[in-house]
Structure formats: C-alpha cells, structure tokens
Amino acid sequence: MRLETNQQQRQFWLNSIIYIGSFLLFWEWLRPLDQITDTGNVSIFVLYTMFCFFLSYMQLQWWITSPLKLFGLLFILDGLFFSETFLSSAWFQHLFSDIQWNTEAMLSQQWWEMTALFRSLLFLVLLWLMSYLLYYWFVIAKRTLFFVILTFIFLTVTDTFTVYDARYAIVRTFFISMMILGVTNLQRVLMKEKLFKLPKGNYVSWVLPLITLVVVSSMIGYLAPKSSPQWPDPVPFIQTTAADVTGSGGGSGSAIKKVGYGENDERLGGSFVQDHSVVFQATVEDAQYWKIETKDVYTGKGWVRSEQAQQESFTFSPDGSIHFNNTMESVETEEQQAVISFNEQELLPKLVYPYGISEVQSENNQSYTYSYHQVTGEVYPRQGSAEVSVPDYAVTYDQPTYSLKNLRESSEEDPQAIREQYTQIPGTLPSRVQELAQELTAEETNRYDRAKAIEDHFDSSDFQYRTTNVPVPGENQDYVDQFLFESQVGYCDNFSTSMVMLLRSIDIPARWVKGFAPGEVVDRSSEANTYEITNSNAHSWVEVYFPDIGWVPFEPTKGFYNPIDLTSGQDLEELMNQNEDVPVSEMEEQTPETSAEEESNSGFTWNISMNQMIITGLILLGILGILYWKRYTIAYWFKRRHWTKNTDIETYMKSYRFLLSLLNHKGYKRGSDQTLREYAHMVDYRLRTNEMGRLTNAYERILYRDEQDIGDWSRKQELWENLIRKIMS
C-alpha cells in the first residue's frame, strides 16, 4: 500500500510538471494575438485558459467541471460586452439574439457580419476544448513531441510573416520543451523498468543531465558563430507576387489588395489586407494630413489625369522653395516646422507634405533639387537629372486657418479653367447621383454649406466603413452609383470619390486627393509630437474650390476627421464697427436741444455710464469665462436630467456622443485609425473600468444593427454617470 502511495505521489508531481509545461507552451500561442489580430483583453483569455487547465487536471466529474467552465465563460462575456444584469432574462435575450444573428450570417456566408461577442464566445469554447485536448496528449497519452514541434512551427512562421518578434518566445519554448520531454522520458523509463521508488541519491543523477543538456545547448546556440541567411527573405517576394496577382497599389479586379500608397487608380473597389508597416515618422506640433498628389478625371471606374494635367510643366526649385497656388493671400496662415523620417524599406519617389508647404530642407547633408507640379501637387526630389528618394527632410509650411464667414460669403464665380477641369463627370454617371446631390443641398444658400451637407451625408448610419468584402463594380456599373445606392460599404476611396462626384454634379469644382492620414502619436512633448504613419494610414480625401480662398480640404470618410483649422471670421472689432454705421450728422439731427444746465451735467453722466459699461462688461466676461470653463459640467447636468425624463434611442446616442466629446476634452484622444471598440478598450484600461466598453457595445448595436431595445436603461444611465464622474474627477 505504501509503495502504491509513493508511486501515485511521484506520478502526481511528474504529471503536474508536464501539464504546467503544456499550459506554458499553449500560452506562447496566445501571446501574439494582440499584435497580429484585433483581439483585445488577451490577459482575460489567458486567465480563462488557466482556469480550464486547472479544472481539467483536477479530474473531477464532467458534470462538475463543465458547469464551472461554462459559468466562467459567461462571466467573461458579461464583463466584456453586456450592460444588463448578469444572467437576467434580458441578459439571456441579448445573448440568444446575438447567437441567432451570427448563425444567420454564417449560413449566408457573410463572415464579416460576425459580432465581437460571438467571435469571443467561439474563442472561449476553443480554449475550453484545448484544455482537455492538451491534458489528454500530455498526461494520458504522453504524446508531447507533436505539440512541441507544432509550437516551434507556429512561432517561426509568425515571426517570419507578421510583426510579432518571436526571438524570446523561441528561447522560452526551447527551455519548456526540453524540460517536458526530459520528464516524459523519465516517466517512461520508470514505468518500463517498473521502478516505483528511486534512492534519494539517484535523483541528482536523473535531474543533473537534463539541466546540463538544456543549459549547454542554449549556450552553444547563443555563442556559436552564425552565418548570414542562405535564402532571401520570403516576405518581399510574396508581397511582390501578391501585388502582381491582385493588382496591389492601385490595380484592378475583385481580388484582395494590400493597403498602401499606389499610383494606379484606374480601377477602384475590392477588399484589401491591412499592413501596419511604418512608412515614416513625422515630428510636428499638430496632426496633419500628408498630401502627395491630386487627380482630376473620373472615368466611372476610377481616377486618371486629364491631358491638361499631364501637359503642365514642372517647376524646378534648386533651393528647396515650393510655391503652390492652392490658397489665396487672404487666408490667415501661421509658419510651422515638420521633420519627416522615412523607413528605409518604405521609401516613396515623391515627397509627403502638409498643407501650406513653402520650403524643403534635407536632413542628411546631401544637396537636392525639387520639381513640383502646380496642378497635381506632386513634388519630386532630384540629384542631377535623376529622380531619387529622400529618407529624411524638414519642411517649412504656412498652416492655413480658414474663416467660416469667408467660406460662406465666398463668390461662386469660378475661373473658366477651374470650372472646365474640375466639374467633369462621365456621361455614363447615372442621373440619380445628381438628384441626390440636389436633394441634399436644396436648403443651402452658399457653396460651403452645400459641400458640408454632402460631407455630413456620409456620416449617417446608412454607410459603413469596411475594408473587407467590398464589392467591385461590374462592367456596366458605376463605382460611385454602386456605393451610394447599393452597397453603402467601403473605405476612403469610396467615400471621397462619391463626394467629389456629388459636388461636381451640381457644378461645384472638386478634386480627389491622395496621401496619408495623420497617423498615431508615439511620443508627446511640449513643443512637438511625433506621429507614426503606416501603410494602413494611406488615405484619400476631397478638396473643394472657393474662388476667394482657394482649395479647401473636406473629409467624408466615416471614422476620420479633418484636422484643418476653422474660425468664425467675425472678431470683436468687427462687431463694434457694426454699431458705428450710423452717420454723425444723423445722430445730431435726432438729438434734442438741451439746456445749459443739462449741458454742464452731460459730461458727468456720460462718464458714469462708461464706467458702468466697463464694469458690466468685465462681469459678463467673467461669467462667460466661468460658464466656458464649466461647460462640460453644466452640459452633464442637463444631459442627466434629460436622460432621467427620456428613455429613447436618440437620447442614448446624444449622451454617448457627449461622452466622446468629454473624453477628448480631458485628454483621452481618439486616434484617427482607432475603431470605437479599440478606443473604448484604451479608455477602460486607463481608467481601470469596463463601463466604456459596455456603453460602446450598446452604441454599436444601435448604430450598425439598428436595435431599438438595448436592455435596462437605468443600468446604462448608471454606467454613463459613473464613467463621467471618473473622467471629471
């Protein structure tokens, strides 16, 4: 009996070492998820995996472990996605309706419609199954080598073809694998030789060779000389081949393309694969749109350049001075500096630059001349007669600030050349495009408000920003017409091209612009911020022509914002001058004659009135300053009262948008490329809460699935109030 007990204890400890090792190996499969997928809260999934591994190893009855694992699964889903009371009828109704929705999406093969909740549910079920499968492989069947080899293959492939760096992961996996294989081999020898108990002195003779083997092998691998790679890196070859096959960089066809800047835009549409490779970093005070070029002729399928644009000559600048005629002298500007550093692997043949560029200076002590095209906006660096790429350069630019008043009062008498070149539409453009533009702008009286009405049209819930499963127009279909009236899903090219065509169909000159969105801040300082711009930030937007102002950028793409500066254009001096329009002679005629006594007292009375006006003005300014300082607190009070009296979808949407505005005001900036879910995760992480995620989940259900019943309103109000208090504290 004692011998059997010792054997069981020995087996327990050896199995424990093996099973813990299997969990650590499986953990290596989970580590890359936050870098190579859009999976958030990876640590929660790791904890659930640990929980499932522990229950599997305890070897309890299935009717005990299964409910516990199921409860843990539902508890995690509740924390991530639900705002209803846990396990309430409303909670289950939400869960079952989501499962039904996703089941229908899968049956119709619309995989992109699967919700985050359902994908997380499937992933948790997979973790549940893997915990038992690895227990069977490692502890019962003792087939450890197969999973060890699979882990090494997974890590090497992930390291080669993704951004994940697996150098340390492979070292960890080597140590863990050697220990598991050594202990497994020890078990087999003991069972084969029927050794139920080893003398104490023999433990060292078993353990020491194993440790020595692992340590010596690691040292040899670390210290041994290493030759250079014998095969070329397969990634560039695969990317190049994929570009040739799919038309990456602006090609055509329905195949999937890789995101990034490309020069061929003759055939737009189709999906693309995200690429987060860094193209360049920009150190600049404020976020900027980085412009490269414009195109002026829409063909019904994409964009080309007109003969006029192609025939325009380039202007050569030997000293780096650049003078585009994009804005009039009446536009207020402020001189700024930006430093741009390119990734050597992602160099472009043209310069990227902010609006208002005036001078370029190389940062690598080499002399360049520049040629730039007034019509297309392209800037080419040269050395001698050859076009080259500049890895590092600084630009001086005059950042424009547009007056809203001047934009609305701008003339609509366009120069003949501008009207002919930038109001072109193809003869095949369906008439309903023009009818939609007329309907959207029917009540507007000036060019700016008409352009703004069209821009705002794309912000409605009818349109969805999506990069996968984006249709390509057929042979007899127009790209814009298909997006506006049929698919209503797409990315920046769909939104920007459609806005240009809507504007042109009502004779407003507009052109299509290509470049990069502002990117993501990676370093903040008091003087300037450093932005990281990747291939996934490649972007297109719209410029509208105003005769008295010039070309003004607009941003129709859903989820993006236009970083241009706008002012009201009406200053205090102008307001005061409005009261001085009445001629002095008229004022004298209307003034009754006064007696000598009244004349003697009139000066004293006027002085008192002036003092009162000054004091009153200062008090009013103080009150306005306090109101402005406390505007979010006051707005919160009104929103809270409104929500107490109204429990409808519109109230919730307005309250959520107020929450986004407050977060932005308090420094929780949303990146230009962040989805709402990613932004909510960032806010929850920084505030140590989960309220933003729950509120965002309900908001997305309303916005994208048009749900009218999202559960307990009082609970959502409580989450909203708690989050706002944390933000304001």
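Trainee: Axes are lines fitted to C-alpha atoms, for helices over the stretch in contact, and angles run from 0 to 180 degrees between N-to-C directions; so at what angle do H4 and H6 cross?

Mentor: This is a predicted model, in which local features need pLDDT of at least 70 and side-chain atom pairs count only at pLDDT 80 or more, while totals for chains, interfaces and linings use all residues. Residues are numbered from 1 along each chain as its sequence is written, and side-chain values use heavy atoms, with hydrogens and water left out. The axes of H4 (residues 62-81) and H6 (residues 116-140) cross at roughly 150 degrees and come within 11 Å; helices are DSSP runs (H or I, at least four residues), numbered from the N terminus.

Trainee: How do the two run relative to each other, then?

Mentor: They are roughly antiparallel, a label for angles over 145 degrees.

Trainee: And which residues meet there?

Mentor: Those in H4 include Leu70, Leu73 and Leu77, and those in H6 include Leu121, Leu124 and Trp128, where contact means heavy atoms within 4.5 Å.

Trainee: Switching to H21, which residues are buried?

Mentor: In H21, Tyr632, Tyr636 and Trp643 are buried, that is, under 20% relative accessible area with a 1.4 Å probe and protein chains only. Seen down the axis of H21, these buried residues fall within an arc of 45 degrees, so they line one face of the helix; the arc is that of the directions from the axis to the C-beta atoms.

Trainee: What do they pack against?

Mentor: The buried residues of H21 pack against H22 (649-665) and H25 (713-728), whereas Phe638, Thr644 and Lys645, on the other side of H21, are exposed, meaning over 50%.

Terms used: Parallel < 35°, antiparallel > 145°, perpendicular 65-115°, else oblique.
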